[in-house]
Amino acid sequence: MKRAALILGLVAMLAVQANAQKRGGSPANYETAIGGRLNPWLIGFTIKHFLQGPHAIEGLATTNFSRRGNVTLTGLYEYHFNFIPSQPEWVMYAGGGAHVGFYDRRDFDRDRWFEDGDGTYVTAGLDGIFGVEYTFKNIPLNLSADVKPYFNFSGGNNFYGESITAVSARYTF
């Protein structure tokens, strides 16, 4: 499952890079950024692309590295705005989207694992996001920190949950 997420992330990265065009007007001073996302429980890939002006889409592929097989794929819409007029490198953003997660039943749904044995379950849900990012002027690097709460429509509820905060580092182009 982790290999499939890696391949999907690489294909998305190549597709966006092949179709990226400079449109201008992005408050973040870049059009596309690719990098990693990390918090104490999750690690993953992130790709962000500005559609026009302050409107961006972001894709995330994350996995919980302390558990067995699991991956969550998230698509987000984000609206960016400068909150320090004299410092255009600093940008805040807010938005929302949806996710689909593929989880190992033993690690994330103990009750069903005892009843049905090994297997994978799939769950979908909604996400919100609010964060701040800094884009360096002289090097192609973007750093961000955000809060991304989520709600699952179905699936196991017997796990303690993932932290909703994370930091990301992205290469910008």
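The side chains of Lys148 and Asp127 meet in a salt bridge, with 2.8 Å from N to O; a salt bridge here is a side-chain nitrogen of Lys or Arg within 4 Å of a carboxyl oxygen of Asp or Glu. Lys148 lies in the loop between strand 7 and strand 8 (150-152) and Asp127 in strand 6, so the pair ties together parts that are 21 residues apart in sequence. Lys148 counts as buried at 11% relative accessibility, and Asp127 is likewise buried, with a relative accessible area of 7%. Buried means under 20% relative accessible area, exposed means over 50%, and partly exposed covers the range in between (1.4 Å probe, protein chains only).

The model is predicted: local features need pLDDT of at least 70, side-chain atom pairs count only at pLDDT 80 or more, and totals for chains, interfaces and linings use all residues. Residues are numbered from 1 along each chain as its sequence is written, and side-chain values use heavy atoms, with hydrogens and water left out.

A search of the whole structure finds 7 salt bridges. One of them joins the side chains of Glu133 and Lys48 at 2.9 Å, N to O. Glu133 lies in strand 6 and Lys48 in strand 2, so this pair ties together parts that are 85 residues apart in sequence. Glu133 is buried, with a relative accessible area of 0%, and Lys48 is buried with a relative accessible area of 0%. Glu133 also meets Arg170 in a salt bridge between side chains, at 3.8 Å from N to O. This pair links distant parts of the chain, with Glu133 in strand 6 and Arg170 in strand 9, 37 residues apart. Both Glu133 and Arg170 are buried. These residues belong to a network of salt bridges that links Lys48, Glu58, Glu78, Glu133 and Arg170. Side chains of opposite charge can pair when their charged atoms come close.

The strands named so far belong to a protein with 3 helices and 9 strands. Helices (H or I, at least four residues) and strands (E, at least two) are DSSP runs, numbered from the N terminus. From the N terminus on, the order of the elements is α-β-β-β-β-β-α-α-β-β-β-β.

Strand 9, which holds Arg170, spans residues 165-172. Its covered face carries Ala166, Ser168, Arg170 and Thr172, whereas Thr165, Val167, Ala169 and Tyr171 form the uncovered one. Strand 9 pairs in the antiparallel sense with strand 1 (residues 32-38) over 6 bridges; two strands pair if DSSP finds at least two bridges between them. In this pairing, Thr172 of strand 9 is the bridge partner of Ala33. Strand 7 (residues 141-147) also pairs with strand 9 in the antiparallel sense, over 7 bridges. Here Ala145 stands opposite Val167 of strand 9.

Ala33 is also part of the largest nonpolar core, whose 6 residues are Ala28, Tyr30, Ala33, Phe50, Ala56 and Val91. A nonpolar core is a set of buried Ala, Val, Leu, Ile, Met, Phe, Trp, Tyr and Cys residues joined through side-chain atoms within 4.5 Å. Leaving aside neighbours within four places in sequence, Val91 is in contact (heavy atoms within 4.5 Å) with residues including Ala28, Phe81, Phe83 and Glu133.

Asn39 is placed in the loop between strand 1 and strand 2 (42-52) and counts as buried at 7% relative accessibility. A polar atom of the Asn39 side chain lies 2.7 Å from the backbone nitrogen of Trp41, and one lies 2.7 Å from the backbone nitrogen of Leu42.

Ala124 is found in strand 6 (residues 120-135) and is partly exposed, with a relative accessible area of 30%. Not counting residues up to four places away in sequence, Ala124 touches His99, Val100, Phe151, Asn152, Phe153 and Ser154. Ala124 and Thr74 are 50 residues apart in sequence and 9.6 Å apart in space, C-alpha to C-alpha.

For the protein as a whole, buried residues make up 41% of the 173 residues. Among contacts between residues at least 6 apart in sequence, 55% join residues at least 24 apart. The accessible surface comes to about 9100 Å², of which 63% belongs to carbon and sulfur atoms; accessible areas come from the Shrake-Rupley method with a 1.4 Å probe, and for residues only the protein chains shown count as cover.

Terms used. Polar contact = N/O pair within 3.5 Å; in protein donor to acceptor, adjacent residues only side chain to side chain.
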